[in-house]
Amino acid sequence: MGSKKRRRREERPTIHPKNKYSENPPDFALLASVYPSFEPFVFYSRDGRPRIDWTDFNATRELTRVLLLHDHGLNWWIPDGQLCPTVPNRSNYIHWIEDLLSSNIIPTTSQNGDKVKGFDIGTGANCIYPLLGASLLGWSFVGSDMTDVALEWAEKNVKSNPHISELIEVRRVDSSESTPSIQESLTSKSVQDESNVDMSGHMDEEAESSSSSSFNLPAGARSSYHGPPVLLGVVRDGEQFDFCICNPPFFESMEEAGLNPKTSCGGTPEEMVCSGGERAFITRIIEDSVALKQTFRWYTSMVGRKSNLKFLISKLRKVRVTIVKTTEFVQGQTCRWGLAWSFVPPARKIISPHVAEKKNLSFMLEGVQRQFSALDVLQSIETFFSASGASCKLNASSFTVNISVSNDQCNTILKNEVNRVDEGPTSKHLEETSNSSSCLNASSTSLSFRTAVFQQIPGTLLVQGSLLHKDNPLPGLFSSIFQQLEETLRFKFCR
């Protein structure tokens, strides 16, 4: 039992490799020797390690202050009770967005050249994301908030750092303004869509599909959030952003927010709580993104509960975003997830016909949850392909599925990228699957292959795929489909 637990801990996602603290965690003893104001908060455990009391708000605030000053050259402070961010965790989010922007999954815009502009939803008194993004990467930001205290201190934190202050705008949200309904959003969007009509009167295909899909939001999503504006009503006409970033109100009540007795990061009700919690708040971001479409290259939010992550991805499927990406942020014992989506059509490039296709592919599913067997995985493989209309023949005795996929069915599978969840490091695969779908019209030959599932050890399965025909008319197609299958299975069955 002990070895299994150790292995599972080692396999958990780690801090982002670009994070300043990935190789060198904060040295409390060093910081205490350099900054006398931090020294009173440091004590030593029995094993001689320097520690702080994470339940002491003053200790966590002072740690954040000295880390920002020591490692980032930033002057920073917040008053009592405001949400105190942890620097390594927030840096993880910034670097993940950096990965998204540099992945070329979706094409870059030439409007701002190499300049990156972000929008921080609810920047708070701490204004942490704009400060980190501007200091680490030179990004510009608009940070929005609605309370006087948050706006006052966000401005103070920006002005205290004149070397980056011109990169950050703090914008007030009118808290008395009611949020526009989804129908109002769609009405305004329908007027905007008229600009997508060319001189012959035909609407751009991407705009047409996006416009029609906007009406598919479930009724529950329309009434789940009743707070101030989030994006609609805050983003100004003509503005364009590379991304939005958000640390949403995770909880439905302050009592729920205070259930973790091991930490004290402060936080006001406006920062921590909204009706419906993070699920309702991020659903509102999704609704706003349906209306704003390509105003942002990437829409992103942090998510506190994995069950909410799956719920939100199902919302995104319904509005037909072009791409969904997720990652896991890990800091100590705390886990958060990152969710990103876009309405920008994926970048496309033709797969070279001279690239040799591998005839046999395989991957390991590790950490398969106890309630699932090899047969469950096999049946899920059959469902994955049959959902597109592919011909499937499952043999339970040999644990194999023979699959034959037509050209149109391959298109369906590859365009349905949102049915799987990409972890941060696999952005290259998403680009490949998007690209390959643009090439399928070159051939009408079907793809035939066999997929087999083998149990290696408890909790670990081997999935193998083998082409059944010697000739493959479209190199890269088999591997793209098989990679998409892999990530779908990982999301469904693995911890």
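I took buried to mean under 20% relative accessible area. The model is a predicted one.

**Entry 1: helix α5.** I looked up which residues of α5 are buried. They are Ile128, Tyr129, Pro130, Leu131, Leu132, Gly133 and Ala134. These make up seven of the ten residues of α5, so I recorded the helix as largely enclosed by the rest of the structure.

**Entry 2: backbone at Cys127.** I next examined the loop that joins β3 (117-121) to α5 (128-137), where Cys127 is found. Its phi is positive, about 50°, although Cys127 is not a glycine.

**Entry 3: backbone at Arg320.** I found another positive phi, about 60°, at Arg320, again not a glycine. Arg320 sits in the loop between α13 (306-318) and β8 (323-331).

**Entry 4: nonpolar cores.** I then asked which members of the largest nonpolar core touch the most other members. Of its 52 residues, these are Phe38, Leu63, Tyr93, Trp139, Phe243, Ile245 and Trp298. Helix α4 (residues 87-102) supplies the largest share of this core, with seven residues. I listed the contacts of Leu63, leaving aside residues up to four places away in sequence: Phe28, Leu31, Phe38, Ile52 and Trp54. I also recorded a second, separate core of 38 residues, among them Ala291, Tyr299, Ile313 and Val319.

Notes. Residues numbered from 1 in each chain as written. Predicted model: local features only at pLDDT ≥ 70, side-chain atom pairs only at ≥ 80, totals over all residues. Heavy atoms only, no water. Helix = DSSP H or I, 4+ residues; strand = E, 2+ residues; numbered from the N terminus. Buried < 20%, exposed > 50% of the residue type's maximum accessible area, 1.4 Å probe, protein only. Core = buried A, V, L, I, M, F, W, Y, C linked by side-chain atoms within 4.5 Å. Contact = heavy atoms within 4.5 Å.
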